[in-house]
Structure formats: C-alpha cells, structure tokens
Amino acid sequence: MIQNLKVKTGPQYYQYGEGAIDNIPTILKEYNPRKIMIVHGTISWEKAKPFFNKLFGLDKEIVFEKYHGECSYNEGHRIANIIREKQIDFVIGVGGGKLADLVYYACHLTSTPFGVVPTLASNCAAWAPLSVMYKDNGLAEGKTEHFNHQAAFFITDPTLVIDSPINYFIAGIADTLAKWYESDLILSQNQFKAEPFPQMARFAAKMCKEIILSESLKAIEDMKDGTISAEFYHVSEIIFGVSGLVGGFGDKYARNTVAHAMHDAISKYLPEVHRYLHGEKVAYGIFYQLAIEGKWSIIDELIPFYEKLNLPKSLTEMGVFPMQDEQLMDIIQFVNSKEKVHLLPLEINENVLMEALINLEKYINK
C-alpha cells in the first residue's frame with residue numbers, strides 16, 4: 001500500500017479546439033477579476049493576439065507584460081512584483097513552456113489565480129504544477145519548484161498551435177516519449193501493481209509511448225502542410241495534456257528519473273548544449289537511462305525513429321564528448337545526487353552512472 005501519494009491531476013478546466021479561446025471570458029466570470037495581466041512572449045504573442053478579441057471586448061482593465069525569455073528566479077520575482085504593484089487579480093500566460101512555468105511560479109509567489117494558453121506543443125509545462133528553473137543566461141539551475149495550486153484553465157486552439165515551429169513540436173514528442181521509459185521500471189514493480197493512481201499513471205505513460213511512436217511521423221508531416229489532422233491533434237494533446245497526467249497521477253514515482261536528471265546536468269554544466277531544446281536533450285537522456293538499465297535492444301529499436309526526427313543519440317553527436325574530466329565528474333555527481341534517480345530498482349552509484357555514459361558513447365558511435 002502506497003500512502004501519502006500527492007495527486008495533482010492538472011488544470012481545473014481544459015479545452016483544446018478551434019474557437020476555444022473565445023470561452024475564456026465565460027470562465028473569468030467565476031473569478032470576476034477587475035484587472036487582468038497577460039504575460040506573453042514576442043513572436044508567439046503576435047500570432048496569438050487575434051484569438052483574444054472576445055477577451056479584449058470585456059469591460060476589464062488588461063495589462064500586458066512581455067517576459068524576458070527565461071523562467072528564472074529573478075524574472076519570477078519581477079513578474080510577481082508587477083502583479084502586486086498593479087493589483088492584478090488574474091493572470092493569463094500566453095506562450096511556450098518556459099513562459100507557462102514562469103506564470104506558475106510568479107502566481108505562486110502572489111497567490112493569484114491564473115490561466116494558460118499554450119502556443120505550441122513542446123512539453124507538459126502548461127499542465128503540470130511545477131516550474132523548471134533556469135538562470136537569466138539560460139543555463140539550468142538544476143532545481144524544480146513544485147506547487148499545490150493549479151491553473152484555473154488550460155485553453156488553446158489547434159489553429160494557433162499548428163503555426164508554431166516544427167522543431168519545438170519534435171522536441172515535445174521526445175520529451176513525451178520519456179514518460180514511459182522513465183517510469184516503466186519503477187511502476188512495473190509488484191508494490192505498484194495494485195495501486196490505483198500509479199496504475200493510472202502507467203496507463204497514461206503507455207498511451208504516450210504508443211501514440212508517439214505510431215502517429216508522430218504523420219503528425220509532423222501534417223504540421224508542415226498546416227493540416228489539423230487527427231494525428232496532429234492526438235499527438236499535440238498527448239504532449240501537453242496526457243503526459244502531464246503521468247506525473248500528476250504517479251507523483252515522484254512517475255514524474256521523471258534519469259532522462260530528465262541528465263537533461264538538467266548537461267544543461268547546468270555544458271553551455272554548448274544550450275542550442276538544443278529541452279526535449280532534444282531529454283531524448284539523449286532516454287538512451288542514457290536505457291544504457292543504465294542494460295536495454296540495448298530497445299535502443300536499437302528506437303534508433304530509426306530518432307534518426308527520422310534528427311534527435312541526438314549521444315553526447316558525441318551533440319558535440320560535447322569527449323569532455324574535460326572535471327566536467328564529466330560534475331555531470332555524474334549531479335545525476336547521482338537526485339533522489340528520483342535512486343527510485344529505480346537498480347544499484348545506482350557514480351561508477352554505474354559513469355560506465356553507462358561511456359558505454360553509450362561507444363555503442364552509438366561504433
């Protein structure tokens with residue numbers, strides 16, 4: 001029996017469909033805000049702005065605030081200070097994953113209700129009540145802030161999402177694929193087989209893997225053509241919604257393990273990988289976790305899929321291996337320091353982690 005599981009299912013209201021953004025004024029009636037702040041990016045906001053005509057038509061004061069590009073502690077406190085100074089009582093975040101994380105964090109600091117309108121499908125940031133923190137220069141802090149409050153709504157339109165950069169969509173596909181490989185070994189243990197919520201997490205993770213592997217290639221081609229097909233719709237929903245349910249139902253046992261720990265490590269210690277998107281670094285992390293588990297046959301099965309999507313399979317391909325011994329040890333020690341990595345039913349120590357990293361480089365580049 002697993003006790004003290006923290007289940008955070010997701011936003012209070014979810015809608016993904018053409019014209020869905022028009023329903024935001026209806027939802028806002030229940031909050032009766034006097035001053036609304038829209039936190040936004042640059043290019044994504046120019047594309048999203050026409051979708052908000054009904055909101056702009058409300059008899060409400062709306063404040064617009066452009067964010068500085070990173071979900072950092074400094075930026076979070078800057079946005080929080082604006083919320084306080086201008087007496088904002090509802091915030092809407094419009095943009096990608098870092099912007100969603102920033103809004104979650106800033107509204108956590110101020111206890112302000114908020115909603116999110118993702119403009120792309122690149123991860124489950126807009127769904128999950130947590131924020132991955134970065135420094136102002138884009139390097140990872142190696143920390144994640146978790147919250148008990150969740151978004152009042154998650155609403156977006158496939159017409160908006162399909163107009164986003166395809167490389168972000170592909171990164172989202174990789175990030176979502178990790179949900180299965182990071183949780184499989186943990187949730188397949190006997191102690192979880194009779195537990196309702198961990199099994200719901202496992203079912204969601206399996207759905208992520210199956211739809212990603214079966215429908216992603218078609219979804220990508222349809223996105224290139226601007227066609228909102230069933231495959232594009234399914235894959236984008238899996239990325240920003242169902243993937244969030246994995247950690248939502250399974251808590252620490254399903255949220256992430258080695259693949260994301262390795263993402264955080266290389267993002268923290270290797271500035272050269274900053275040019276890679278979150279999901280692209282996680283893609284390498286999946287292979288690293290499979291190497292630790294000794295599942296070389298699964299790596300072989302995934303290689304053709306990775307190559308079609310041009311996802312990195314090794315640090316060598318990312319141009320950062322070999323590296324200085326000090327950097328390598330920093331990465332290994334960082335991964336080993338993460339509690340979530342030690343949830344795997346394996347012997348995990350620095351020697352095991354180092355051996356897997358080196359063996360993976362040899363295996364991929366042989």
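A: The second largest cavity holds about 30 Å³ of space; a cavity here is a set of points, on a 1 Å grid over the protein atoms alone, where a 1.4 Å probe fits but cannot get out, and its volume is the space filled by probe spheres set on the points, which are joined across faces, edges and corners. This is a predicted model, in which local features need pLDDT of at least 70 and side-chain atom pairs count only at pLDDT 80 or more, while totals for chains, interfaces and linings use all residues. Residues are numbered from 1 along each chain as its sequence is written, and side-chain values use heavy atoms, with hydrogens and water left out.

The lining, meaning residues with an atom within 4 Å of a point, consists of Gly-93, Val-94, Gly-95, Gly-96, Leu-99, Ala-100, Val-116, Val-117, Pro-118 and Ala-126. Seven of these residues are nonpolar, three are polar and none is charged; Ala, Val, Leu, Ile, Met, Phe, Trp, Tyr, Cys and Pro count as nonpolar, Asp, Glu, Lys and Arg as charged, and the others, Gly among them, as polar.

At least two lining residues come from each of E4, H5 and E5. These labels are DSSP runs numbered from the N terminus, with helices (H or I) of at least four residues and strands (E) of at least two. Strand E4 (residues 90-95) pairs with strand E5 (residues 114-118) in the parallel sense over five bridges, where pairing requires at least two DSSP bridges between two strands. Within that pair, Gly-95 has Pro-118 of E5 as its bridge partner. Helix H5 (residues 97-110) lies across E4, E5 and strand E2 (35-40), at about 165 degrees to E4; such angles run from 0 to 180 degrees between N-to-C directions of lines fitted to C-alpha atoms, for helices over the stretch in contact, with contact meaning heavy atoms within 4.5 Å.

E4 and E5 belong to an open, parallel sheet of six strands in the order E1-E8-E5-E4-E2-E3.

Two cavities of 30 Å³ or more are counted in the model. The largest has a volume of about 50 Å³, and its lining includes Gly-95, Gly-96, Ala-100, Pro-118, Ala-126 and Phe-240. That lining divides into five nonpolar, five polar and no charged residues.

Conventions:
On a 1 Å grid over the protein atoms alone, a cavity is a set of points where a 1.4 Å probe fits but cannot get out, and a pocket is an open set with protein on both sides within 12 Å along at least five of seven lines; lining residues have an atom within 4 Å of a point.
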